Amino acid sequence: MTEIGTIFIIEWRTVMQVYFAPLESITGYVFRNVFEKYYGGIDRYFTPFITATDSKRLRNKEMRDILPENNQVGCLIPQIMSNRAEEFLRVAGQMADLGYDTVNLNLGCPARTVVSKGKGSGFLARTVALDRFLEEIYRECPLKISIKTRLGVDDPEEFPEIIDIYNQYPVEELIIHPRVQKDYYKNTPNLDMFAEAVQRCNMPLCYNGDICSLEDYDRICARFPEVTRVMIGRGLLAHPELALQIREREAYGKEQTAPSSDEGAGNGPQNMSGAGGMRNLSEKERLNRIGAYANALCKAYCEAYGPGQPVLFKMKELWDFLADSMPDGKKLRKKVHKVQRLDGYQRLMREVFPEIDPL
Ligand SMILES: Cc1cc2nc3c(=O)[nH]c(=O)nc-3n(C[C@H](O)[C@H](O)[C@H](O)COP(=O)(O)O)c2cc1C
């Protein structure tokens, strides 16, 4: 409790901020807009990485993804992948021209094609060059710069030296996915090294990695009560209501899961989403929302790219995750996999969600 004159302010834990992780080929603008409309509960979305190159122009696909008129979400942060300050600054300048005030630097991508060029998490192996790069971009960039990082390339013990480098710069926030490059997505996040980062870092921290349920979220909160930002990727693909559930958990507390009699179905705290919260939804309503969301996404992809195989592939990719939210998920995942054409997929969706407008 803090005393200001005679006013007492109770210091409450700052409300948790939930970010949607960038997922290349999945969380583009079409996906983000539909997700926001049907679920939401997200404080910040991040674009999949934009590759800074010699070219003065962004690729059409990247430009479409970041144009403000294509994005109907509250807060979007463009992510840049680069290991050359001059290229990073050029793309950041283009983001400033489009009205963005923050960009995110990708120092986490583990893909071999990226790492072999010394970018993404591959840049973490060259600490002298990394330090020089950061010195230049933080000196010259007109925008705030946040960083998304792994712990290192081979060994988590690389991270303390990397933290010392980050600590020298005005990093807007540091999003840590506590794995090393060679883990890819295997093994478990190294929470001991994240704990060390909590002690040593002098900028705001965001935790990212393997939050796929409220129980996972509670475990992170219990171990790191000082952390007020989490980023979630695959967990939100599998359980799109997870961010809303986290907000409801924050608003109503852990015990209060039962509806109170005067609240209508789906009501939630403010800033929930266009679609309302998840509390009080019946199982049928929950499933119908999944169906409406998947159908709206398929329709939006067809409008953006034309109906055809690429849309089918995108929907298959989504159902790989989303099937986890369905009562007979394993079977449904197999059925979606077997579908050969988009009209077959649409037929399957009509069978699974007979009450939902196929759009
Ligand atoms: C298919 C896929 C694509 C990804 N693309 C990006 C990307 O463009 N930029 C980035 O920083 N991380 C990317 N990531 C990493 C995620 O943002 C996130 O850090 C990782 O999935 C761990 O979080 P999660 O366990 O909540 O999914 C990608 C991950 C996957 C699985």
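**Entry 1: strand β3**

I started at Tyr 19, which stands opposite Met 231 in β12. This is a predicted model, so I keep that in mind throughout. I then looked up the whole pairing: β3, residues 17-20, runs parallel to β12, residues 229-232, over four bridges. Next I checked for another partner of β3 and found β4, residues 44-46, paired in the parallel sense over two bridges. Phe 20 is the residue I noted there, standing opposite Tyr 45 in β4.

**Entry 2**

I looked up how the chain is divided: domain 1 covers 14-252 and domain 2 covers 283-352. Their C-alpha centres are 28 Å apart. For contacts I got 12 residues of domain 1 against 14 residues of domain 2. On the domain 1 side, α1 and α9 (234-238) are the elements giving two or more residues. Helix α1 gives the most, with five residues. Sorted by class, that side of domain 1 has nine nonpolar residues, two polar and one charged.

**Entry 3: Lys 117**

I found Lys 117 in the loop between α4 (112-115) and α5 (127-140). Is Lys 117 buried, exposed or partly exposed? I put it down as partly exposed, because it has 13 C-beta neighbours inside 10 Å, while a residue counts as exposed at 12 or fewer and buried at 20 or more. I also checked Ser 82, 35 residues away along the chain from Lys 117, and their C-alpha atoms are separated by 9.7 Å.

Note on methods. Residues numbered from 1 in each chain as written. Predicted model: local features only at pLDDT ≥ 70, side-chain atom pairs only at ≥ 80, totals over all residues. Pairing = 2+ DSSP bridges. Domains from an automatic or database assignment. Contact = placed C-beta atoms within 7 Å. Nonpolar A, V, L, I, M, F, W, Y, C, P; charged D, E, K, R; others polar.
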